[in-house]
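Visitor: I'd like to go through this one with you, one question at a time. Could you put it up on the screen?

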Amino acid sequence: MPRTSPLDAVQAAYARIRSAEPGHVWIHLRAEDDALADARDVAARVAAGEDLPLAGLVFAVKDNIDVAGLPTTAAHPEYAFVPVTSASVVERLRAAGAVLAGKTNLDQFATGLVGTRSPYGPVASAVEPDRVAGGSSSGSGAAVGLGLVDFALGTDTAGSGRVPAAFNGVVGFKPTVGLLASDGVVPACPSYDTVSVFAADVALATRVLAVCATPTPDTTATRPWPADTPQGAPAHPVVAVPRDADLATLSPAVRAAFDAAVDRVERGGATVRRIDLTPFLTAGRLLYDGGLVAERAWSYGEFLAEHPGSADPSVAAIAAAARAVVGTQVVADQQRLVGLTREGRAILRGTDALLVPTAPRHPTFAEVAADPIGVNSVLGTFTNFVNLMDLAAVAVPAGRVEDEGLFGVSFVVPAFHDQVAADLAARFLGEGTTAPLLGAPGVDVAVFGAHLRGEPLNGQLDGLGARYLRDVATAQTFRMLLVEGAVDRPAVVRGETGAAIPGELWRLSPAALARLLTSIAAPLALGPVELSDGSTVVGFTGAPTGAEPDITHLGGWRAYRASTAAPA
């Protein structure tokens, strides 16, 4: 499908923006002429041969993220300033060809999950106008849900990149804290803040995140991908879900929606394991009800105390309470969090992801107005703990509950297992078995025998977090020899004559490749293998003894298996 030209994309986006109800989505919308000038520049770069992966896409940025030349308000007019440089994440998106439309509304100082705590007006759900858009990234979630832009940046400390996804029927990708640079982002709780991405589907959210996720050496908060980062989700994952007692606060209709989501995951090939969510829920309460809230006092408490005029009452109350927290309580709750995180990791051991409702309910504006603190607190039930316990998550839509609004679920995974969450979310939404690659370091390995999909040793690759890339074949100068044993395996070796041996290309993390290497017994080995396209990759080869039967003529491992009728 041809890519939309940058000029056409910008003109179409602004036409949609003009025709949409104002809805308090924007705090600062760029002039269309300025966006068109950017689009012309992108078009010229594409014409000159630059590879711009996001060319033809229009995006928005939450107004607590700096864009050079545009005010940053964090939804407090008196806080506003005009930065001279953009946040690194914004620079990378523009360098990749995306064109910025403007800056979006938010719960003041990114404090809230409702989307109503802004002097610029409350933001309504893109799908349910009498219900809230969710916060704090309300404008970004609604801008994508309304189709005004292709994707948007938010931030997420307690669920602000996931709850608006659920309430606007879009995907919210909350990466591992530190995977994206935080420079140019107004802090809320700096130990737990991260930039997040909203998009209509997992594929685009992942593509955008891949552009942003390059480590930034000059930013101390950035964390590089570790050497053992999984390259993908297993074909048959084990997915943890909360036990019944942890879901007791859900209404019967919402519980039925969650059960349907669990059933969909099981039908997709997953094994479901019920777990006790108590350590996670207990940890989540520490963010606002414990000493950890003191970080919000450090971030903006003094400013609100000095500028009360435009302060949202709920945000001001939270900041005032945070300023009263004593240092010993902060340390005590930090240590308590360490213990709860250890408990949580033990509970999740042996699973690939945790599936939870993104939010327990989708409230109306009237319900939020009647109980602004209480309703907000409920919305964070299944989101607050994620950053505190160093987890990543992808939130996806999961339907509409009659008379109760939109519903979504989140796939929660350990830090740096972001690719696993993306793959599982893509499967859930029917986008395919995998999402685009996020860019974690990996090594491509060609397999030709017992490690092929459906063969006896393929489970080794699955267990190593490997990712199937594509079918391949060797150059014409390779032969296949049979190494007989408890499990017959082939060795692919170079010869003077040979054939194109069919196989598969898989990607493993460097640590997984090392583990695979230690599991290989002589005469098999890993070594360079030339493929039919002229590239050279790591592959299963060997040092033949001369006693191995030559099975090249059969046309590959699966053909050999068929010829012997050997059971898989």
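Visitor: Is F109 buried or exposed?
Guide: First, a word on the ground rules: this is a predicted model, where local features need pLDDT of at least 70, side-chain atom pairs count only at pLDDT 80 or more, and totals for chains, interfaces and linings use all residues. Residues are numbered from 1 along each chain as its sequence is written, and side-chain values use heavy atoms, with hydrogens and water left out. Now, buried means under 20% relative accessible area, exposed over 50%, and partly exposed in between (1.4 Å probe, protein chains only). F109 has a relative accessible area of 2%, so call F109 buried.

Visitor: How are the rings of Y79 and F109 arranged?
Guide: Rings of Phe, Tyr and Trp (its six-membered ring) pair if their centres lie within 6.5 Å; planes under 30 degrees apart are stacked, over 60 edge-to-face, and the rest tilted. A search of the whole structure turns up eleven aromatic pairs. For Y79 and F109, the centres sit 5.2 Å apart with the planes at 80°, so the pair is edge-to-face.

Visitor: And how many residues apart are F109 and F303?
Guide: These two also make an edge-to-face pair, 6.0 Å centre to centre with 65° between the planes. Helices (H or I, at least four residues) and strands (E, at least two) are DSSP runs, numbered from the N terminus. F109 is in the loop between strand 3 and helix 4 while F303 is in helix 9 (residues 294-306), so the pair ties together parts whose separation in sequence is 194 residues.

Visitor: Which residues are in the cluster that ring pairs link?
Guide: F303 is buried at 18% relative accessible area, whereas Y79, at 22%, counts as partly exposed. Both belong to the cluster, whose members are Y79, F81, F109, Y300 and F303.

Visitor: Within what arc do the buried residues of helix 1 fall?
Guide: The buried residues of helix 1 are P6, A9, V10, A13, Y14 and I17. The arc is taken from the directions from the helix axis to the C-beta atoms. Seen down the axis, these buried residues line one face of helix 1, because they fall within an arc of 125°.

Visitor: Which ring does R453 lie over?
Guide: A charge sits over a ring if NZ of Lys or CZ of Arg is within 6 Å of the ring centre and within 35 degrees of the ring normal. R264 does this over F428, at 3.9 Å from the ring centre. R453, at 3.6 Å from the ring centre, lies over the face of Y468.
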